[in-house]
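Thank you for sending this model for comment.

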Amino acid sequence: MAEIIPLTPGEASAPQEPFKPGACKLHPQTMCPAFGALRVLSRIEGAQPAMVTDTGCLYGLTFVTHFYAARKSIVAPALGTAELSGGKVQEAANAAIAEAAREQNVSVIPVISLCVAETAGLAEELLPTEVDGKPVVLVRVPAYAIHSHPEAKDIALAAVLRRFVDRQSDHEPGALVLVGEVFPADPLLIDGVLRKMGARVLATLPGRHVDELRLAGRGAAVAALHPFYRETVNVLRERGVGVVTGAPIGAAGSAAWLRAVGAALDLDEDVVERVAAEEEETARGFLAAQPLKGATILVSGYEGNEMLYARLLIEGGAHVPYVSTSIGQSALTAADEAWLKTHGTEAVIYRKAIEDDQAAMKHWNFDLVIGTTTLAAYAKERGIPSVYYTNILSVRPLFLAGGMIASLSFVRELLNRRPLYERMVEFFAADGAE
Ligand code: SF4
């Protein structure tokens, strides 16, 4: 077990003035949002993406897709200035779709339409809906309309779900559909607890096969574990699937979520209450030690689930005055934002910019920064322990008592690393002075 180094009392000073975000919001500071759509779609077995955009976008998106998604080739027309000015977008798109259909083992062709194709006027009604029996699904994710890659994941998932969701069969009693790119152990943890209540996880979306999309329509309820799956939830709601908002996060949050699932699935109230109380008791037993007490932590990311982590850190005893995310504010973010603001969070920034995060770092003294690579580098230069949100935090279990214990124990270890970071600053300062 790692040694716990107590934080100096008063290390995190209270600000005198309210925090003012001052960054320019005209320029979204995010990778191309289309990456989110490509990630979701290229991971579906049998999906052969056809991407309609110019060659510059294609180069970058092919790279990140191979790196972060499925190492799957993307079929795309070569659209340069000559083709665009010559009005060849529609023909080029149709040729790419025909080429995608000739690939091996194709079960669906998502056509990803990006800034250039949308601006050049790609017409949906002139695209085929099927080629050689293979469904063609248009996914429109230009960056001027979809501002972050999590939100592009939602648009992509909703588009394929609309095409494949099973509209004929009945809803299966006690079957819950989870929505969110979560750590693989999380659905198993959730399923284990649901089974104690007489329910189960039917599917976790975005899935790896179109059969999971078909199955989702048979759920009795859907739970969007991440707050940016608005369109996806709407597709299932229209199909008559009940909706559970929020996520099983922390002690009170997990118990409340289990009760909401119980109500949505019409489960035995006494059994649900017993299981919810057990979960809450296990979580509170761990939280009693307040493993993060005295720490002031900044949470910033572009995954869209930052507020969930902030809630967990606060329950662990930390002060989290500032949370920023790349997603926009919506009805699905309202409950988490309200919870945070009643538990000491002074600023929740949507559509964040690095300037907002840097302003927050000048405003508060942080003991740990969980942020983007740019922000983590900025914090390291100041000797503050910092980690890249996506690769370090998002790759651990998060939900229910089990996920909470795993995540908070890890954060406690990160806080203990401060002397290492301070030594690093001293080393480079000494090196520069020579
Ligand atoms: S032009 Fe649009 S589609 Fe192309 S890389 Fe930029 S944001 Fe992405």
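1. In H12, the buried residues are Glu306, Met307, Leu308, Tyr309, Ala310, Arg311, Leu312, Leu313, Ile314 and Glu315, where buried means that 20 or more other C-beta atoms lie within 10 Å of the residue's own, exposed that 12 or fewer do, and partly exposed that the count falls in between, with C-beta atoms placed from the backbone. Because 10 of the 10 residues of this helix (residues 306-315) are buried, H12 is largely enclosed by the rest of the structure. Gly317, with a positive phi near 105°, follows H12. Helices (H or I, at least four residues) and strands (E, at least two) are DSSP runs numbered from the N terminus.

2. This is a predicted model, in which local features need pLDDT of at least 70 and side-chain atom pairs count only at pLDDT 80 or more, while totals for chains, interfaces and linings use all residues. Residues are numbered from 1 along each chain as its sequence is written. The mean pLDDT (the predictor's confidence in each residue, from 0 to 100) is 89 for the protein chain, and 94% of its residues reach 70 or more. Over residues 1-13, however, the pLDDT is below 50, although this stretch has 17 contacts in the model beyond near neighbours in sequence; two residues are in contact if their C-beta atoms, placed from the backbone, lie within 7 Å. Where pLDDT is low, the predicted coordinates should not be read in detail.

3. On the overall fold, the protein chain has 18 helices and 13 strands, and buried residues account for 47% of its 434 residues. Of the contacts between residues at least 6 apart in sequence, 74% join residues at least 24 apart.

4. The domain assignment, which is automatic or from a database, gives domain 1 (34-164), domain 2 (175-285) and domain 3 (291-433). The centres of domain 2 and domain 3, taken over C-alpha atoms, are separated by 26 Å, and their contact takes 23 residues from domain 2 and 22 residues from domain 3. On the domain 2 side, helix H7 (185-196), helix H10 (250-264) and helix H11 (269-287) each supply at least two residues, with H7 giving the most, five residues.

5. Around the ligand lie Cys32, Ala34, Thr53, Cys57, Gly60, Leu114, Cys115 and Ala143, a residue being near if its C-beta atom, placed from the backbone, lies within 6 Å.

6. Val160 is found in helix H6 (residues 149-164) and counts as buried because it has 25 C-beta neighbours inside 10 Å. Leaving aside residues up to four places away in sequence, Val160 touches Val108, Pro110, Val137 and Leu213.

7. Some backbone details deserve a check. Most residues other than glycine have a negative phi, and most peptide bonds are trans. The peptide bond from Leu205 to Pro206 is cis, with omega near 0°, and Pro206 is in the loop between strand E6 (200-205) and helix H8 (210-216). Asn105 has a positive phi near 50° and counts as exposed, with 7 C-beta neighbours inside 10 Å. Arg351 likewise has a positive phi near 50°, but counts as partly exposed, with 18 such neighbours.
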